[in-house]
Amino acid sequence: MKITDLRDHLCQVYPDLCPLFSIEFGDGVLAVPCGNLFDAASDLRDLGFDRLGMVTAVDQAEEFELVYRLQSRSMLAGIFLKCSVPRENPRVKSLVDLWPAALWQEREVFDLFGIVFDGHPDLRRIMLPEDWEGHPLRKDYRDERMIRRPDYI
Amino acid sequence: MSGLIWGAIYGLAAGMVISLAAFIGVWGERKIAGRIQLRYGPQELGPFGLLQTGADTLKLLLKEDITPAAVDVRIFRVAPLIVFAPAAMSLAVIPYAYGFAPIDTGVGVLFFVAVPAISVVGVLLAGWSSRNTYATLGGLRAAAQMISYELPRTLSVLPVVLLAGSMRPLDIMDAWQWWWIPLTFIGFIVYFIASLAEINRVPFDLPEAEAELVAGPFADYSGIRWAIFAMAEYGGLVAASLFGAAVFFGGYLGVPGALGVIVFVLKALVIALLMLWVSWTFPRMRPDQLMATAWKVLTPMALIQLVLVGAVISWL
Amino acid sequence: MAVNATNDYPSGAAGIFARVRSLLTGLTITGRQALRPVGTVRYPREKVVLSPRWRGALRLRGVLGRDEISVLSAGPPAYNALIDGLYRENRLPACVGNCPANVDARGQGYLLGEGKPSEAYELVRERNIFPGVLGRICHHPCESACRRNYYDEPIAIRPLHRHAYEEYRKVADERLKPFTVHHDERIAIIGSGPSGLTAAYDLMRLGYRVTVYEKDEKPGGALYSGVPAYRLPREVLHDEIGNLVKMGLDLKLGVEVGKNVSMHRLLDVYDAVLIAVGLQESRILPLPGHDAEGVEGALPFLRAANWKGDAGVKGLRVLVIGGGNVAVDVARCALRTGATEVRLACLESDAEMPCHPWEIEEALDEGVIAMCSLGPEEVLVSAIGSVRGMRMRECISVFDEKGRFAPEFGDEYTDISTDVVVFAIGQAPVLADVIEGSELTLTDRGMLPVDGTVFTTAQEQVFACGEVVTGPGSAIVSIATGHEAAESIHRYLQGQSVTEGRVVRPVPLYEEYQPALLDGVEGERRRVTVPMARPEERVTDFRPVELGLTQMEALGEAMRCLRCQSEVCVGCTFCARTCPDYAIQVERIDDPGQRRVTLYDLDLSKCCFCGLCAQQCPTDALTHTGQYELTFFHRDLMVFDCDEMLRSGEGTRATGRDSGREGNGEVSD
Amino acid sequence: MGLDVESRRVVEVEEGGTVEELVVNVGPSHPSTHGVCRVIAHLDSEIVTKAEPVIGHLHRGIEKMAENRTYLQVVPLTDRLDYVGSMYANWAYCRAVERLASIRVPDRAEYLRVIVCEMQRIASHMMAIGSAGADSGAVTQFVYAFDQRERIIEHFEELCGARLTYNYVRPGGVSHDLPEGWIESLLAFCESHRKGLDMMDKLFFGNVIARGRMKGVGVLSAEEAVAWGASGPVARGSGVEWDLRKHDPYSVYPRLDFEVPIGSNGDCYDRGRVRLLECYESCSIIEQAIAQLEPGAIMADGVPRLLAPLPGDAYDHIESARGSLGVYLVSDGSPRPYRMKVRSPAFCNLALLPMLAEGHLLSDLVVILGSLDPVFGEVDR
């Protein structure tokens, strides 16, 4: 399905999501407030996005941008779902209830970014040991073992 | 007293035969496995790599005999011997040539079938004393497996006993007729499969299942103690193929005199080869499938064979 | 669409049969495999045939300070073979490959860096007879191909030509020696433009006596009458032509072939004649009113401006029609000769203008007003028959989708009031007089049929080169044709086949570079800025716009040259910068004339054999070896220094089926 | 004497009695975990009551490392993600970079990428099928599969000099053109590979014992496969028709004709045999791609040595041997990625293990783990 058709379809079914939709590098992006994340995801799932491909986050200085990649088998299309949570006390509702695929992926984001997913049944570190301090993918993470590349390019 | 001396001499002989068999057997197995797997197998030491096993033996002998700290030392050390002894003992009752079996006893067949079962105790002890979960699981599996396969194995030999009317191996050889081969073929198949299970070879190598239990009861053994286990396995292989060749294929019969031994060994070799071939071809079974095979397939098959032979005898 | 993978056994007795059969099939398969010849290696007695591996340890082929960089120097007939050979070996530097005349810019950079500007000048002169002239006016295709574009900015090759000339000028008298004549044949060349003089230079080098006929009083052809003095000071041009005369050129000025001397006579006297007259006539569109007073062609305009310094536009408004380099020249000359307002109208849009971007930029700086996407429609004529203005029509697109010239016009008209209209839309040769007396004929469009590869004409004795053949183009292209024509003449005179082995030489394709990221790039990595006269000052007269480089600037710039494809490490550190594992450490000293690589260490215990460094290496000095067996007892031995890397060729040789292939598993020199 | 106290746990049973629960640490160093994975298996006799994978033993922080390297320097890192299928990670990463920097890849390079990636698929599936054999004790099957894999690896070695970390696909194209004679020998391989596949199909997938080990073991329903985000042969074994080569066509796949094998039971057998059948399709794709291959450039023109795409984010995914492998890149306009995220199919597939293994025997646990075909370089990243 072409990205413009997807937008039209989305606007038709969920008019309130329509203004949040944009296209970047050929991909549909739906940026929602984090409070509405679960509802938007659930809407999208009802729309036909039956696969949760990826859950990740990007450290954008003041806040973390959560990025969910949804994929639809029926429409043969993908879409990004994004929302920003504040750096202090980042919390967001877990999508495990919608897709069990989020089980490990949200654990990974929790482990590496320290974002807490409310309602996740088993929110533990997954990559790093339980006693690790800090969340390495945050830009302000420091560790004496880290090697900083010399700045020449 | 003389019995003791004879016993000692026999023990020495059996030990040497098994060592030699293991020596050649390991080489042969590696060669055959190699060929099946598109490799050469050992090729560097001696002609065709024949001395490779020697080098390996030397290595195993010289290796440090590691006894992990947590094991139950006495049982851990004695277990290999408990496994090895029955394998060696079972060689004693096999009729090698006209009128010659090292121990000529009236219950030879029973002896042969029953004695190797003792080795299960050794495996169980080895697994238990190693004090780790894999070894324990392996030991338990071995116990279950060997006990289950004892029955079809025994039943599979019975038709021959029935036909010969005696459990003395030499008597069986005397009474042996060529038409027994087709008649007891099902019995042979059951014997063959059950023997594979008895000597823990693929597809029945559950106790030491490498992919699951990481060598099971033998996981903590190294050096010479591990070598004894390996030799026991080869002893079992040799004994099983020799005995099978004797009772199902007439052993040394057909060729007069001492040449009979050669024929006998050749027949046994064919069976051994078949065993190796099978074990390098098939995947391993699962414990529940293993049990199911023993009780639902092999035992009925052996019984059918028994009934068949019984019917033939009554018809004769 | 889908293939089902489930593959169940049949039920019932057939299933039991299938199960048993599966066991037997398994045994058959393994049995059959056991009887097959063994596929693997019998270690280690068998000869091992391995596929070629190039991902062994790195090695250097040469190091600056230890190895010289070869300069590309050869006589006129051999030079082409040299370039073609390098091209086939993929060792042709991009700047040399992209130059129509294959000037060795790399050698120039090297010699300048070594502090030998005169040698650099002479090296350049072998292919570009006027380094001082072209050092000011060339459109420098070499710089667009410069590999340095990848990293930061290209080398300023053209200003370095000019710098070399200025250095050479000081010692010219000592170094200039006339060529010895050792052939009896005499050659006449008609036209003293760049192509004619190039052919003359080559032929003189080969030992011929050459006479050049020039119809004007001053030599230089288009370089004199077409190129404005603010770009090319006359003394530079005449100094370089004077050098040629000192080398033995017989230059006859003010002799017009066809008028003062006939072609017929030339053919009698000379063994070969080369027509290099260039283009003399400007095209003027046959629009309504094109014959009005004040409508001019570009060439007469430039000629007037260049010869007399006055084009008759003082205090007038000038409109130049055309978007090429000539149009820009006309516009800038008009400013300098006192025009009050100069407009430039062209069909093309801003981005499509055919002139070089730096030219239009300088013109805009000086106050020229560019009016793009306008096509000329009608010259508006006043009552007294002079130009009053120009009606222009909006142009929507110039080229069709296939890139052919097919302008489409819109409906919008613009009237531009002006006093003078100069058409700079194309030029044509005037040949009728020249060829009179020969067997040559012109085509309907007034062109002379010439072979584009060997530059022969219908008459065996007559050759032609330069813009007569190529049409309007740049000086360096004309120079390239001059070299080829000289070779043809040489072959003809020596009785060799003119065409044998001559091909249109493949111009290597070089990538179009996207601008490299310049954030944080500074100091020695930046291109030298060529100083320019201030726009408000320079428009007033014909003083040179571009000023020269100082000696230090030139040295610094020559140092930036990466000596591409020279297979000598110059310590540019690009490998160290790209290494993902910090395995490479490079240091060099950079004093003028003293540039040396002092340290090159490769830590193999860090190397991941990704090959990014060898891919980055501009000189191809860094390559992978076939030596992949890297077992060392001590970790220290894993650090390869410069000497080790120059030596490490003796590794395991690749023995694959195509081990003879170039550049694969190559381990020996 | 006997067992460790720690590995034996007494579990309260609802009726009031107690059973002893055996806790077995399968891994991190174990022959059938295909890497360094630790599965804490709670056993009731031999039945797995709970299997909990503990991953991260191979976590190198590649996503963090990428933030400190230039775009080109990340390519060798992607080799180390899925070390059984380096080409895929190279390609997925390069596609994301190309999307971000708007680089158009020449046709020949696209075909070469397809060819090497289909070869990689064969190599990777041979690894999976072979170790499925080894997990269930069929060592010979393992060797036969590796024999086929070895042929591919030799071709790769000839092509790009490496046997494992190819570093072949680069942003804008590929690093080397084909060596002489390479295509002919590859076509010959495809021919012989089909025979090898037939043989393996009979030897292993037709064998009654192997079927007994794999059929009905670790059943994953189609709905679960979708909900758990499973992809690749794991999803297709369950009958989910989901192959990015078909359903989100990229590169030159639309010009190639091939089929997508799917299973119907979703058990280990179907997952394994889907892999086998995919190898046939890969052979045919390779042959078609070679037929359509034309001379040309292998690298896009004018890719700057130092890529610095415009700020923005891009995601691109390809169908790797393990499923949909995606790379999400965020650029801030500097020459280094601001954030790189690898959507690892093996990671998502491995999450299924606890669900699939529950209630099966310990022997089945390793078969199920093998049928998910995790590569821990990619799981742990």
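**Confidence.** The model is predicted. For chain C the mean pLDDT is 78, with 89% of its residues at 70 or more. Residues 651-669 of chain C have a pLDDT below 50, although this stretch has 47 contacts in the model beyond near neighbours in sequence.

**Contacts between chains.** Five pairs of chains touch, and among them the most contacts are between chains C and D. Chain A and chain B, by contrast, are joined by no contact, and their closest C-alpha atoms lie 25 Å apart. Between chains A and D, 26 residues of chain A are in contact with 35 residues of chain D. On the chain A side, the elements that give two or more residues are β3 (51-60), β4 (63-72) and α3 (102-113) of chain A, and β3(A) gives the most, with six residues. By class, this side of chain A has 17 nonpolar, two polar and seven charged residues.

| Strand order (chain C) | Pairing | Edge strands | Average twist, strand to strand |
|---|---|---|---|
| β5-β4-β3-β6-β17 | parallel | β5 (250-253), β17 (462-464) | 20° |
| β8-β15-β9-β10-β11 | parallel | β8 (295-297), β11 (369-371) | 25° |

In the sheet that runs from β5(C) to β17(C), which is open and has five strands, strand β6 (residues 272-275) of chain C pairs with β17(C) in the parallel sense over three bridges. Ile275(C) has Ala464(C), in β17(C), as its bridge partner. Helix α9 (residues 194-205) of chain C packs on this sheet, where α9(C) touches β3 (186-190), β4 (209-214) and β6 of chain C, and its direction makes about 165° with that of β4(C). Helix α17 (residues 475-493) of chain C lies across β3, β6 and β17 of chain C and runs at about 165° to β6(C).

The sheet that runs from β8(C) to β11(C) is likewise open, with five strands. Its edge strands, β8(C) and β11(C), each have a single partner strand, so one side of each is left without a neighbour in the sheet. Strand β10 (residues 341-345) of chain C pairs with β11(C) in the parallel sense over three bridges, and Arg343(C) stands opposite Ile369(C) in β11(C). Helix α14 (residues 325-336) of chain C lies across β9 (317-321), β10 and β15 (420-423) of chain C, running at about 170° to β10(C).

**A helix with buried residues.** In helix α19 (residues 551-560) of chain C, the buried residues are Ala554(C), Leu555(C), Glu557(C), Ala558(C) and Arg560(C). The elements that cover them include α4 (105-113) and α8 (157-175) of chain C.

In soluble globular proteins, nonpolar side chains tend to be buried together. Here the largest nonpolar core has 412 residues, and those with the most contacts inside it are Ile190(C), Ala200(C), Leu274(C) and Leu365(D). Helix α11 (residues 223-249) of chain B supplies the largest share of this core, 18 residues. Leaving aside residues up to four places away in sequence, Ile190(C) touches Tyr213(C), Val257(C), Val273(C), Leu274(C), Ile275(C), Ala276(C), Val277(C) and Val434(C). A second, separate core has 43 residues, including Ala331(C), Leu347(C), Cys355(C) and Val420(C).

How values were computed: Residues numbered from 1 in each chain as written. Chains lettered and ligands numbered in written order. Predicted model: local features only at pLDDT ≥ 70, side-chain atom pairs only at ≥ 80, totals over all residues. Core = buried A, V, L, I, M, F, W, Y, C linked by C-beta atoms within 7 Å. Buried ≥ 20, exposed ≤ 12 C-beta atoms within 10 Å, placed from the backbone. Helix = DSSP H or I, 4+ residues; strand = E, 2+ residues; numbered from the N terminus. Contact = placed C-beta atoms within 7 Å. Nonpolar A, V, L, I, M, F, W, Y, C, P; charged D, E, K, R; others polar. Pairing = 2+ DSSP bridges. Axes fitted to C-alpha atoms, helices over the stretch in contact; angles between N-to-C directions. pLDDT = per-residue confidence, 0-100.
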